[in-house]
Amino acid sequence: MHPLEESDEDDVFRDEDDKSSKKAKIIISAPKVDQLELLKLEIGTLVYPKSYQENTPKEDQMLQYAENFRRQYIYLYPDRKPLLLSPLNECRVEKFVSTTLRPTLLKHGELYNWKDCAQFVSDFLIVDPLDPIIDVPAYLFSPTTVLKRQKGNCFDFSNLLCSLLIGTGYDAYCVSGYAVKEMCLVDETREICPLLKESGQTNKEQEKPPMKKYAVKPVRELRSKFEMKQEAKRQAEEKAEEETKQKELDDLADLNINGTNDVMLGLRVHCWVLVLSGKREVPENFFIDPFTGNSYETTNERFLGIESIWNHRNYWVNMQDCKFGCKDVVFDLGDPVKWEYMLPDSDNSQVVFPNSYDYLMDEVDDDDEKELERIFDMPPSWVQPIVIPAKDIETRCPKGEKIIQYKKANLEKYAPYLNIDGMVKRLIEYEDIECTSFVKVTEWYANRKDMLEKIERNMRTRTITEHFKNGRYMAVKKHIYRSSEPETDRTLKYNSRLRVDGLVSRVETPTEMTEKFKDRPDFLIYRQAIFAKRMRKVRLPGVFQLNYRTMLKITERFARNRKKPAHEDVAEQVFLINTEHIHLTYHREDDRITAVKREFILPPNLLQKDDQEINMEQIVVTFEVREFLKDRTAERKANELVISVYDTDRNDKAKEHRREQMRLEQEQRMRRAEEELDYLAPFLARLGQPRRITKKVAMTLRNDCLTDMKQRLIDKANIIQSRFEKEAMELQSKQQWYQQNQIFMTKEDEQAYLAYCSEAMFRIHILEMRLNKHKETAPIKYLDLEEKIRKDPRLAKKLKNC
């Protein structure tokens with residue numbers, strides 16, 4: 001069946017047209033609400049180009065071919081649903097569906113992969129379900145209008161996605177068919193969130209031990225293999241039974257939420273994208289659901305049947321039985337038994353066809369047919385080039401946010417810089433399918449100044465895990481804690497390659513702190529400090545108290561240093577602070593079973609009464625964890641985001657820098673212009689512009705210039721001195737106020753006072769430096785001017801002997 005060839009059925013069509021015109025034409029019921037009126041309300045009245053408002057002769061001819069194809073299809077398959085061939089566009093003009101595709105390769109690298117393209121289309125557009133959902137749409141808007149509207153049905157989604165995929169080199173097709181209710185209505189409440197699937201796969205991969213070529217065989221386990229098999233079988237049965245019960249509970253909950261079985265199964269129309277293998281190193285055929293951006297195998301049970309597929313070159317009708325869904329469908333488009341095509345020889349896309357269908361109505365001679373023959377292929381796309389601004393690529397979701405509900409999880413997506421804390425994604429995991437009690441919250445961040453990448457809040461374990469990117473202060477990778485207060489359960493993991501001390505991790509409890517190291521020059525690999533429980537102390541306001549913890553024991557372990565003999569290479573050293581003992585254990589020789597040990601005891605009365613007391617402030621360094629927690633508290637309050645220097649819209653610092661550069665350039669130009677001016681001009685004007693410079697005039701000019709320079713240098717010194725004295729008096733006044741009110745001050749007031757003092761001291765220091773520099777440079781400037789006057793050609797001869 002080819003619409004471009006003569007057929008005996010055409011005579012039947014002409015006879016049947018008068019008797020039953022209803023069977024010979026597709027009657028597409030108009031939607032309840034005019035789509036064009038909605039379009040005008042959403043994006044306003046647009047001025048469309050000529051290609052949108054009318055058809056070219058080649059497009060009209062293509063529509064004639066499509067009409068003939070449609071009539072033959074209805075005659076041969078009266079029980080099948082109508083095909084989507086020539087829907088109306090946004091200007092109420094019929095356009096063939098293949099010409100609505102506009103293959104486009106965008107300049108954005110983020111859209112070069114099929115996953116990124118599908119995710120962008122899924123996030124950027126709002127779903128507008130088909131109405132009615134059992135029929136193909138009467139309208140199919142261009143991808144450019146869909147992007148401006150930022151809304152569309154499944155055919156609009158697929159049309160845009162297929163245009164992008166073909167432009168990037170994929171062998172992609174739009175598919176018109178039928179799918180399950182959840183896919184047509186974008187109901188993902190029965191689906192597991194993709195992020196949870198990825199995390200599960202990652203955990204499984206991490207659990208696999210690394211393969212070693214040479215390894216010591218494990219100790220043989222002296223247990224009955226039969227008993228082990230029985231135990232494994234019993235555990236597997238218990239696990240399967242538990243999973244079955246859980247599935248029954250979930251199914252029951254789904255039934256309570258969604259109701260009984262679907263009575264419209266197989267009737268709902270859906271459109272998705274097919275990607276065939278071959279191009280872009282695609283190994284196997286697969287489907288893409290444009291609503292979610294997820295990929296599926298072509299045998300997936302969610303897809304219930306296919307009516308037709310098309311790309312920008314041809315149109316194919318599926319002739320295969322789909323009573324069992326799409327699992328048995330073969331996508332060999334070159335097989336005419338399985339796929340009926342619109343234009344023959346789609347690979348070539350250039351075949352000889354007659355110019356019109358007049359020959360079907362009237363007989364013509366062979367010579368006349370030869371004159372009417374010409375090369376015909378698919379008309380070019382009538383759609384304007386697809387343009388997606390970089391801002392839309394970044395914002396993606398409408399208004400910058402989107403919420404997706406999955407099975408026992410909610411996923412929230414946000415555009416960068418939309419939230420003040422830089423959050424771009426949040427996943428909330430629930431305990432029940434009704435999503436009433438959440439058990440875990442995971443948040444992803446971007447552009448954070450503190451390099452925060454992800455936060456996980458586990459409600460079951462009551463723990464918070466912070467993940468940081470490389471470049472974080474102190475090279476922290478992960479921070480696990482329950483409370484932000486110091487001296488609580490806490491785990492810090494570091495990037496040891498970026499630290500000088502090679503610290504890998506630090507685990508803290510109220511009474512212990514354990515550190516692990518790697519690749520240190522002193523071979524230290526482990527350190528544990530045990531502290532005594534703190535005694536309650538009364539804190540007096542305004543009195544500074546040391547916050548040292550009483551240390552009971554320190555244990556350090558070292559890796560083997562092959563450059564030293566084993567009996568001189570310390571393996572472990574233990575410091576017992578209370579008993580004043582030190583225990584050393586050395587590494588064991590390769591041919592020995594025991595190691596050398598030494599014990600050191602502090603002699604009594606080592607420190608006599610006359611000895612100088614030890615100053616703890618000089619020998620004790622504040623521990624790193626407290627400083628880290630202090631910094632994290634400040635960072636959480638600040639929520640500072642980093643803006644790229646290339647982001648001209650948001651980077652106020654870059655704008656200010658450019659303005660400052662322009663100001664400096666302007667000042668430099670003015671300075672050069674001033675240098676080019678005659679420095680004697682004001683003084684010559686004061687003397688009435690004498691025509692001839694005598695010795696007396698030269699002396700007067702010299703004295704006036706030097707006097708003016710001297711006075712300006714004195715005035716500048718006085719200004720700096722007055723500012724210096726003003727700042728010093730204000731600081732002294734603030735210090736007196738602090739001495740009078742420090743007992744009643746809050747912590748915030750004290751911090752504000754310290755910040756003021758720091759800034760004031762900085763300003764005073766700068767003014768002092770300026771004053772000293774001015775005192776050094778003032779005589780040099782005066783002498784330079786005097787030398788300049790002496791060498792001035794207008795005054796040199798007159799002042800030669802002066």
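**View 1. Surroundings of Lys 95 in the predicted model.** Lys 95 touches Ser 51, Tyr 52, Glu 54, Asn 55, Glu 59, Leu 63, Leu 85, Ser 86, Pro 87, Asn 89, Thr 100 and Trp 382, leaving aside residues up to four places away in sequence; a contact means heavy atoms within 4.5 Å. This is a predicted model, in which local features need pLDDT of at least 70 and side-chain atom pairs count only at pLDDT 80 or more, while totals for chains, interfaces and linings use all residues. Residues are numbered from 1 along each chain as its sequence is written, and side-chain values use heavy atoms, with hydrogens and water left out. Lys 95 sits in the loop between helix 5 (57-76) and helix 6 (97-100). Helices (H or I, at least four residues) and strands (E, at least two) are DSSP runs, numbered from the N terminus.

View 2. Is Lys 95 buried or exposed? With a relative accessible area of 2%, Lys 95 is buried; buried means under 20% relative accessible area, exposed over 50%, and partly exposed in between (1.4 Å probe, protein chains only). A polar atom of the Lys 95 side chain lies 3.1 Å from the backbone oxygen of Glu 54. The side chains of Lys 95 and Glu 59 are joined by a polar contact of 3.4 Å. A polar contact is a pair of N or O atoms within 3.5 Å; within protein, one must be able to donate a hydrogen and the other to accept it, and residues adjacent in sequence count only if both atoms are side-chain atoms. Tyr 139 is 44 residues from Lys 95 along the chain, and their C-alpha atoms are separated by 9.7 Å.

**View 3. The largest nonpolar core.** This core has 82 residues, and Phe 155 and Leu 165 have the most contacts inside it. Helix 9 (residues 154-167) gives the most to this core, with 9 residues. A nonpolar core is a set of buried Ala, Val, Leu, Ile, Met, Phe, Trp, Tyr and Cys residues joined through side-chain atoms within 4.5 Å. Leu 165 touches Trp 114, Cys 117, Tyr 170, Ala 172, Val 273, Val 275 and Ile 288, not counting residues up to four places away in sequence. Another core, of 23 residues, lies apart from the largest one and includes Leu 452, Ile 455, Met 474 and Phe 558.

**View 4. Thr 514 in strand 21.** Strand 21 covers residues 512-517 and contains Thr 514. Thr 514 is buried, at 15% relative accessible area. Beyond residues up to four places away in sequence, Thr 514 touches Ser 505, Arg 506, Val 507, Tyr 526, Arg 527 and Gln 528. From Thr 514 to Arg 527 there are 13 residues in sequence and 5.7 Å in space, C-alpha to C-alpha.

**View 5. Asn 410 in strand 13.** Asn 410 belongs to strand 13 (residues 409-414). Its relative accessible area is 16%, so Asn 410 counts as buried. Residues in contact with Asn 410, not counting those up to four places away in sequence, are Ile 404, Gln 405, Arg 426, Leu 427, Ile 428 and Tyr 430.

View 6. Cys 117 is buried, with a relative accessible area of 0%. Cys 705 is also buried, at 4%. The structure holds 0 disulfides; a disulfide is a pair of cysteine sulfur atoms within 2.5 Å.
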